[in-house]
Amino acid sequence: MTPLTSRLIQSRTSLSKLFTIAASRNGRYLSTDSNKVDEPFKVEEAETVNVPPPSTEKLLVLGGNGFVGSHICKEAVDRGLTVASLSRSGRPSIHDAWVNNVIWHQGSLLSSYSWTEALNGVTSVISCVGGFGSQSYMYKINGTANINAIRAASEKGVKRFVYISSADFGLANYLLQGYYEGKKAAETELLTKFAYGGVILRPGFIYGTRNVGSVKLPLGVIGSPLEMVLQHAKPLKQLPLVGPLFTPPVNVTAVAKVAVRAATDPVFPPGIIDVSGIQRYSQQGAA
């Protein structure tokens with residue numbers, strides 16, 4: 001036997017011993033017949049627990065203690081989202097159960113140092129901020145305040161931004177010039193900063209139960225029948241000058257559902273949603 005042949009045999013024997021030891025330590029001993037297993041694998045099934053994954057979505061509602069904002073907060077809480085609100089007065093005085101599940105921040109969008117911390121960890125924003133007053137005040141609260149919010153959210157890397165704007169009412173635009181010019185400026189800023197994640201809702205008159213202190217005003221008594229009538233009077237909207245005044249009202253619940261869906265659904269189309277669009281989306285399983 002040549003020295004080379006002897007070395008090959010010794011090497012093969014050593015490898016065989018090592019394989020045998022390793023296999024036995026792993027709890028499985030293989031016979032020389034590769035089709036036989038002396039001891040089968042022993043696999044114990046792990047106990048599984050059906051626990052839903054924690055939500056990574058955090059929604060910030062600007063003006064969350066107002067009429068529309070409070071309905072949006074409630075809708076978002078009902079969907080299991082982490083919800084925060086920012087407004088000048090902070091936590092509302094109502095005592096509904098959902099209020100305890102919202103993080104309430106107090107601050108003004110016109111002074112950045114008082115509120116930008118509210119954006120920490122936020123993935124989407126819905127702004128309901130707006131108001132009436134002098135022309136300059138209306139532009140400031142409807143335009144400047146929302147533009148500040150849009151820019152700050154963009155800088156923080158917020159994914160989606162929904163703005164509750166207003167339908168075009170024709171002649172009313174001239175009487176409330178600061179109001180509508182402010183909203184148009186905010187819309188332009190949103191479509192610039194959030195080209196793929198910005199949604200603008202343009203409802204007309206919004207009706208529903210409104211909390212004024214401890215009193216609940218049932219605006220639906222007027223809004224609901226008016227909505228039904230004007231939905232069947234669409235030709236009137238084509239009248240020059242006064243046509244937009246026949247825009248049907250919309251339920252605040254529908255606005256809230258569509259707003260939360262638009263803020264959290266990554267495939268919700270960006271852009272402008274008018275009254276008919278709000279009604280349509282609210283009936284497409286948004287609840």
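Tutor: Of the 287 residues in the chain, 42% are buried. This is a predicted model. The chain has eight helices and 11 strands. Take the contacts in the chain with a separation of 6 or more: residues 24 or more positions apart account for 65% of them.

Now to the helix pairs. Two packed helices are described by the angle between their axes and the distance between the axes. Keep both numbers in view for each pair.

Start with α2 and α7. Helix α2 covers residues 67-78, and helix α7 covers residues 252-264. Their axes come within 9 Å and cross at roughly 55 degrees. That angle makes α2 oblique to α7. The crossing of α2 past α7 is right-handed. Which residues meet here? From α2 come Phe67, Val68, His71, Ile72, Glu75 and Ala76. From α7 come Val252, Val255, Ala256, Lys257, Ala259 and Val260. By class, the contact of α2 with α7 has nine nonpolar residues, one polar and two charged.

Next, follow α7 to its contact with α8. Helix α8 spans residues 275-282. The axes of α7 and α8 are 9 Å apart, and the packing angle is about 80 degrees. So α7 is roughly perpendicular to α8, because angles from 65 to 115 degrees fall in that class. On the α7 side, the contact is made by Ala254, Val255, Val258 and Arg261. On the α8 side, Ile278, Tyr281 and Ser282 take part. The residues of this contact of α7 with α8 divide into five nonpolar, one polar and one charged. Look again at Val255. It is listed in the contact with α2, and it is listed in the contact with α8.

Helix α3 runs over residues 135-155, and helix α5 over residues 177-193. Their axes come within 6 Å and cross at roughly 10 degrees. That makes α3 roughly parallel to α5. The α3 side includes Gln135, Met138, Tyr139, Asn142 and Gly143. It also includes Asn146, Ile147, Ile150, Arg151 and Ser154. On the α5 side, the list includes Gln177, Gly178, Tyr179, Glu181, Gly182 and Lys183. Ala185, Ala186, Glu189, Leu190 and Lys193 of α5 also take part. By class, the contact of α3 with α5 has eight nonpolar, eight polar and five charged residues.

Now link the helices to the strands. Leucine 59 is in strand β1, residues 58-62. Is leucine 59 buried or exposed? Its relative accessibility is 1%, so leucine 59 counts as buried. Leave out residues up to four places away in sequence, and leucine 59 touches Ala76, Thr82, Val83, Ala84, Ser124, Val125, Ile126 and Ala263. Ala76 is one of the α2 residues that meet α7. Leucine 59 and threonine 82 are 23 residues apart in sequence, yet their C-alpha atoms are 6.2 Å apart in space.

Lysine 159 is in the loop between α3 and β5, where β5 is residues 160-164. At 58% relative accessibility, lysine 159 counts as exposed. Not counting residues up to four places away in sequence, lysine 159 touches Thr123, Phe194 and Gly197. Lysine 159 and serine 124 are 35 residues apart in sequence and 5.7 Å apart in space, C-alpha to C-alpha. Serine 124 is also among the residues that leucine 59 touches.

One more strand residue. Tryptophan 104 is in strand β3, residues 102-106. Its relative accessible area is 15%, so tryptophan 104 is buried. Leaving aside neighbours within four places in sequence, tryptophan 104 is in contact with Gly64, Asn65, Ser85, Gly90, Arg91, Pro92, Trp98 and Val99.

Finish with the cysteines. How many disulfides are found in the whole structure? The search finds zero. Cysteine 73 is in no disulfide, and the nearest cysteine sulfur, that of cysteine 128, is 7.6 Å away. Cysteine 128 is in no disulfide either. A disulfide needs the sulfur atoms within 2.5 Å. Cysteine 73 has 0% relative accessibility, so cysteine 73 counts as buried.

Methods: Residues are numbered from 1 along each chain as its sequence is written. This is a predicted model: local features need pLDDT of at least 70, side-chain atom pairs count only at pLDDT 80 or more; totals for chains, interfaces and linings use all residues. Side-chain values use heavy atoms; hydrogens and water are left out. Axes are lines fitted to C-alpha atoms, for helices over the stretch in contact, and angles run from 0 to 180 degrees between N-to-C directions. Helices (H or I, at least four residues) and strands (E, at least two) are DSSP runs, numbered from the N terminus. Angles under 35 degrees count as roughly parallel, over 145 as roughly antiparallel, 65 to 115 as roughly perpendicular and the rest as oblique. A crossing is left-handed if the near helix is turned anticlockwise from the far one by less than a right angle, and right-handed if clockwise. Contact means heavy atoms within 4.5 Å. Ala, Val, Leu, Ile, Met, Phe, Trp, Tyr, Cys and Pro count as nonpolar, Asp, Glu, Lys and Arg as charged, and the others, Gly among them, as polar. Buried means under 20% relative accessible area, exposed over 50%, partly exposed in between (1.4 Å probe, protein chains only).
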